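Trainee: I would like to go through this model and ask what stands behind each label.
Mentor: Go ahead.

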Amino acid sequence: MTQQSGSSFSTSRRGFLGSTGLAAMGAILGGSLPISGDGGGIPAAHAQGAAAPAAPKGPQYLKFPGKSDKLVVLGEKPLVAETPESLLDDDTTPIDKFYIRNNGQIPEETKNPDAWKITIDGEVNNKLEITLGELKSKYKAVTRRMVLECGGNGRAGFSPPARGNQWTNGGAGCAEWTGVPLAEVLKAAGLKKTATYTAHYAADLHLSGDAKKPSLSRGVRIEKAMDSHTMIVWAMNGQPLPNIHGGPVRLIVPGWAGSASQKWLTRITIRDKEHDGPGMTEFSYRVAIKPMVPGDKADPKNFRILESMPVRSIITNPANGAKFAAGTKELKLRGASWAGDLTVKQIDVSTDFGASWQRAKLEKPKNKYDWQRWTATVKLPSDGYFEIWTRATDSKGAMQPHQAGFWNPQGYGGNAMHRIAVLVG
């Protein structure tokens with residue numbers, strides 16, 4: 001995509017609000033751009049007598065073969081890196097720009113991908129052991145463009161800070177995935193009437209090095225597993241699935257937390273009850289049933305598994321911090337939006353901090369679980385500093401909130417409106 005003209009600008013860090021969500025996003029993605037207050041309090045610049053917040057630590061950029069050096073590292077052990085919103089301006093996210101999420105050690109790349117074996121066992125009539133080569137030859141391959149999103153995307157918006165990698169909006173991407181619907185393989189194995197839940201296992205070693213300890217083992221209800229869009233995939237954007245993205249074979253469970261889309265897939269066990277592997281219990285990938293006091297001690301009995309991800313929209317062009325020539329009266333905006341199992345029915349943008357809103361033009365998805373691109377042209381009344389906000393509304397009428405709400409210890413479900421700042425003149 002062609003970037004809209006505009007350089008970037010840098011101003012004082014005093015405009016940041018420390019740990020408050022939206023301000024923190026700016027800090028993490030560059031530390032050079034002030035965003036106004038979070039909408040629920042006094043903007044930092046107006047907080048008379050308030051102590052200056054500590055200077056935010058600058059972003060650490062990724063250095064990894066085949067990946068963009070503009071991805072921002074959120075964690076090194078395991079390696080986790082997110083994609084700044086302005087890098088998500090392509091209809092299909094290029095592999096080098098796709099975010100990285102690991103839970104354990106990164107396995108060595110296999111030298112014989114077609115010999116990679118997957119086992120289907122548990123509540124099935126016929127235990128299956130099938131190689132990737134056999135999957136390719138026995139089943140008709142399908143390709144779908146679908147969003148993959150980390151369950152913690154938006155976590156940086158919570159206050160007080162939630163545990164885990166501080167994702168802003170960049171724990172998401174939309175690639176062309178090629179493989180076979182998981183349902184076809186499960187039908188070949190023959191599901192018993194007792195089949196209730198899946199349990200996924202992989203080849204990545206736990207960070208401790210203990211081979212008996214899965215780094216992550218998540219699962220989904222059997223209804224989601226049988227959705228024709230849930231796939232075992234071996235190609236990404238027409239290329240063999242890269243090792244860093246789970247190659248040679250992984251699951252894609254679109255619309256749900258990305259952790260359900262097991263990388264380096266080796267086994268799927270069908271269970272007669274909900275899975276209880278690492279990443280399934282207590283507060284992992286779970287949200288509060290009854291809203292809790294932010295920062296309070298949580299009760300595991302009040303938590304349910306996070307399934308469909310919430311509605312979200314981002315501005316992908318211009319980039320946060322763009323500077324435009326004096327006299328610029330109009331800006332053309334581009335963005336993306338998605339809504340878990342649902343679709344997006346409306347995008348609105350604002351240039352006056354949400355006082356008024358303008359409808360954006362929203363494109364249809366290529367297929368279910370594809371993201372929906374949007375465009376808008378906004379007028380600017382003068383030179384100066386402006387913020388551009390975007391909000392999406394899903395097909396059931398749920399709209400993005402001004403700030404991350406329904407706090408939970410590990411910060412799931414944070415989908416605050418995305419905001420960028422631009423300077424004219």
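Trainee: How many bridges join β16 to strand β18, and in which sense do they run?
Mentor: This is a predicted model. In it, five bridges join β16 to β18 (residues 330–338), and the two run antiparallel. Pairing requires at least two bridges, so β16 and β18 count as a pair. One of the contacts is with G335 in β18, the bridge partner of I315.

Trainee: What makes β16 an edge strand?
Mentor: The open sheet has four strands in the order β16-β18-β22-β21, with antiparallel pairing. β16 (312–317) and β21 (361–362) each pair on one side only, and these are the edge strands.

Trainee: Why are β2 and β4 said to stand at the edges?
Mentor: Their sheet is open, with three strands in the order β2-β3-β4 and antiparallel pairing. β2 (72–76) and β4 (100–101) each have a single partner strand, so one side of each is left without a neighbour in the sheet.

Trainee: How do you know that β3 and β4 pair?
Mentor: Strand β3 (residues 79–82) and β4 are linked by two bridges in the antiparallel sense. The requirement is at least two bridges, so the pair qualifies. R101 in β4 is the bridge partner of V80.

Trainee: Why is S259 called buried?
Mentor: Its relative accessibility is 10%. S259 is found in the loop between β12 (250–252) and β13 (265–271).

Trainee: What makes the link between the side chains of S259 and R218 a polar contact?
Mentor: The distance is 2.8 Å. Leaving aside neighbours within four places in sequence, S259 is in contact with L216, R218 and Y285.

Trainee: Is T393 buried or exposed, and how do you know that?
Mentor: T393 has a relative accessible area of 4% and is buried, because the label applies under 20%. T393 is found in strand β23 (residues 384–394), where nine of the eleven residues are buried.

Trainee: Which residues is T393 in contact with, beyond its neighbours within four places in sequence?
Mentor: They are V311, V344, K345, Q346, A398 and M399. The C-alpha atoms of T393 and S313 are separated by 8.9 Å, with the two residues 80 apart along the chain.

Trainee: Which strands does β23 pair with, and over how many bridges?
Mentor: β23 pairs with β19 (residues 344–350) over six bridges in the antiparallel sense. Seven bridges join β23 to β24 (residues 418–424), also antiparallel. At least two bridges are needed, so both pairings count. In β23, A392 is the bridge partner of I347, while E387 has A421 of β24 as its bridge partner.

Trainee: Which residues touch the most other members of the largest nonpolar core?
Mentor: Of its 30 residues, these are I118, I120, L135, V185 and I232. Elements that each supply at least two residues of this core include β5 (117–122), α2 (132–138) and β10 (231–236). α3 gives the most, with four residues.

Trainee: What does I232 touch, not counting residues up to four places away in sequence?
Mentor: I232 touches, among them, I118, L135, V185, V249 and L265. A second, separate core has 21 residues, including F324, V344, A392 and I420.

Notes:
Residues numbered from 1 in each chain as written. Predicted model: local features only at pLDDT ≥ 70, side-chain atom pairs only at ≥ 80, totals over all residues. Heavy atoms only, no water. Buried < 20%, exposed > 50% of the residue type's maximum accessible area, 1.4 Å probe, protein only. Polar contact = N/O pair within 3.5 Å; in protein donor to acceptor, adjacent residues only side chain to side chain. Contact = heavy atoms within 4.5 Å. Core = buried A, V, L, I, M, F, W, Y, C linked by side-chain atoms within 4.5 Å.
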